[in-house]
Amino acid sequence: MSADNATKVFIGLGSNLDDPRRQIQRALHALAELPGTRVLKDSGLYLSKPMLADTNSQTQADYCNAVALIETELEPLELLEQLQQIEQAQGRVRKKHWGPRSIDLDILLYGEQVMHHERLTVPHPGMHQREFVLYPLQRIDSTLEIPGRGMLNELIKNCPDKGLKYLGAIEV
Ligand code: ROI
């Protein structure tokens with residue numbers, strides 16, 4: 001595949017239902033199968049405490065999280081659609097805001113683009129404050145800059161790890 005018209009994209013993966021480790025593995029495989037797309041790197045697997053809205057008092061299981069770096073010829077909204085299809089194929093039935101999920105795939109960064117579309121905001125609006133995104137990202141590329149937010153290494157200084165645990169490589 002020619003990389004001439006391909007963009008580097010970071011995808012956040014998260015799961016706390018139905019064998020989370022397996023869900024992340026499956027999603028990574030599915031990403032590699034997307035048209036015009038290849039997976040360049042992944043962060044390995046992390047275990048994180050559930051981040052919940054203040055108003056959401058329900059308890060939830062810990063999450064497995066990872067970040068993948070892909071290179072894709074898909075446009076942002078095409079990619080979003082493909083990610084939603086992967087989520088559905090992996091049994092994500094209904095998107096309850098702040099609810100537990102079998103798999104969640106977020107476009108974190110799409111090249112250096114800043115996008116405010118009704119269906120997609122890039123960079124991902126919460127990513128600069130989430131330990132389960134920033135630390136895995138750092139493992140892939142510690143020199144990253146988050147457009148509009150600053151340098152990854154600086155953002156991490158203000159982001160406690162909240163007990164985030166590295167679990168090791170994702171088995172393929
Ligand atoms: N909390 C953690 N730790 N990891 C996630 O991927 C995650 N995803 C979510 C909410 C419910 C916000 N909490 C999370 O969608």
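Reader: What makes Arg 139 count as lying over the face of Tyr 166?

Author: Arg 139 is 3.5 Å from the ring centre of Tyr 166. A charge sits over a ring if NZ of Lys or CZ of Arg is within 6 Å of the ring centre and within 35 degrees of the ring normal. The model is predicted: local features need pLDDT of at least 70, side-chain atom pairs count only at pLDDT 80 or more, and totals for chains, interfaces and linings use all residues. Residues are numbered from 1 along each chain as its sequence is written, and side-chain values use heavy atoms, leaving out hydrogens and water.

Reader: Why is the pair of Tyr 46 and Tyr 166 called tilted?

Author: Ring centres must lie within 6.5 Å to pair; planes under 30 degrees apart are stacked, over 60 edge-to-face, the rest tilted. Here the centres are 5.1 Å apart and the planes stand at 55°, so the pair of Tyr 46 and Tyr 166 is tilted. The structure holds 1 aromatic pair.

Reader: Which parts of the chain does the pair link?

Author: Distant ones: Tyr 46 is in strand S3 (residues 45-48) and Tyr 166 in strand S10 (residues 165-168), 120 residues apart. Strands are DSSP runs of E, at least two residues; helices are runs of H or I, at least four; both are numbered from the N terminus.

Reader: How do you know whether Tyr 46 is buried or exposed?

Author: Buried means under 20% relative accessible area, exposed over 50%, partly exposed in between (1.4 Å probe, protein chains only). Tyr 46 has 5%, so Tyr 46 is buried. Tyr 166 has 38%, so Tyr 166 is partly exposed.

Reader: Why does Glu 131 count as buried?

Author: Its relative accessibility is 3%, so Glu 131 is buried. Glu 131 lies in helix H3 (residues 131-140).

How values were computed:
Rings of Phe, Tyr and Trp (its six-membered ring) pair if their centres lie within 6.5 Å; planes under 30 degrees apart count as stacked, over 60 as edge-to-face and the rest as tilted.
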